[in-house]
Amino acid sequence: MPYALIIVLVLILVILIRSIRIVQQARAFVVERLGAYSATWNVGLHLKIPFIERIAKVVSLKEQVADFPPQPVITKDNVTMQIDTVIYYQITDPKLYTYGVENPMIAIENLTATTLRNIIGELELDESLTSRDTINAKMQQILDEATDPWGIKVNRVELKNIMPPKEIQNAMEKQMKAERERREAILRAEGEKRSAILEAEGEKESAILRADAKKQAEILEAEGKAQAILAINQATAEGIKLLNDAAPSDPVVQLKALEAFSAAANGKATKIIIPSEIQGLAGLATAFKEVVIDPEKPAPVPKK
């Protein structure tokens with residue numbers, strides 16, 4: 001009898017221990033009592049009534065990712081391609097998630113496929129390839145509204161891959177290659193045009209600089225000649241002024257005139273016309289030369 005009591009007490013203790021449940025962070029327990037929904041346990045320590053209550057579902061409240069396999073879709077211009085999608089969702093109501101739909105993930109996958117077909121069916125191939133953001137936004141809005149009764153919130157929808165048929169890919173690659181070659185030709189032509197313009201501008205500026213330099217040189221040369229002429233005229237004027245101030249006699253003036261004629265001939269003239277008033281000075285000049293005695297020669301002896 002004591003052994004049976006001990007066994008009963010141990011069983012009761014085990015049942016009580018197993019009835020104590022601790023709910024972890026970012027989790028929720030859906031509890032049923034006698035087969036009906038009773039409560040949703042959040043984070044903390046909870047006690048379950050043995051044989052009456054049971055934990056129907058343990059729900060994760062973290063944001064989750066569902067990567068669905070590629071789905072065949074047909075565009076408006078009758079091009080069949082494969083598109084796979086990625087959905088980021090979060091369970092906001094554990095009760096609705098537990099009792100709202102059977103196999104929620106299968107339901108979301110099928111809903112995603114049908115929604116994607118409807119959206120792509122209204123677009124042509126080029127629009128489908130260039131309108132990913134628009135398609136993502138439309139799908140996120142439709143799926144979020146459709147999954148509200150299931151306690152699921154769809155946060156984001158992304159088109160992971162868009163795979164057109166092989167022949168379409170080849171045609172697109174050829175088109176892209178032709179477009180790149182066209183842009184390259186345009187850039188090359190613009191570069192050559194710019195180079196020609198720069199070269200012409202350089203030649204123009206060089207010609208302007210050469211002309212300006214030549215102009216400046218001619219101006220400086222003319223200014224130099226003008227200054228030289230001015231200096232000569234000033235020296236001549238100063239000489240005349242000094243002569244006027246000295247009041248030279250007529251023989252001196254005539255002698256200076258004779259020297260001027262001698263300098264004008266410069267040893268090259270074959271004929272010089274001398275004014276009559278200067279001819280009288282010839283004898284005077286000769287006599288003046290004879291008066292000058294060379295110290296290395298003996299003085300001439302006068303004839304008797």
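T85 is buried, at a relative accessible area of 3% (buried is under 20%, exposed over 50%, partly exposed in between, with a 1.4 Å probe and protein chains only). The model is predicted: local features need pLDDT of at least 70, side-chain atom pairs count only at pLDDT 80 or more, and totals for chains, interfaces and linings use all residues. Residues are numbered from 1 along each chain as its sequence is written, and side-chain values use heavy atoms, leaving out hydrogens and water.

**T85**
- T85 lies in strand β8, residues 80-91 (strands are DSSP E runs of at least two residues, helices H or I runs of at least four, numbered from the N terminus).
- Residues touched by T85 include F68, L116, M139 and L159, not counting residues up to four places away in sequence (contact means heavy atoms within 4.5 Å).

**Rings**
- The count comes to one aromatic pair (ring centres of Phe, Tyr or Trp, the last by its six-membered ring, within 6.5 Å; planes under 30 degrees apart are stacked, over 60 edge-to-face, the rest tilted).
- The rings of Y37 and Y99 are edge-to-face, because their centres are 6.0 Å apart and their planes stand at 80°.
- Y37 is in strand β3 and Y99 in helix α2, so the pair ties together parts 62 residues apart in sequence.
- Y37 is partly exposed at 31% relative accessible area, and Y99 is partly exposed at 39%.
- The charged end of R156 sits over the ring of Y88, 5.2 Å from its centre (NZ of Lys or CZ of Arg within 6 Å of the ring centre and within 35 degrees of the ring normal).
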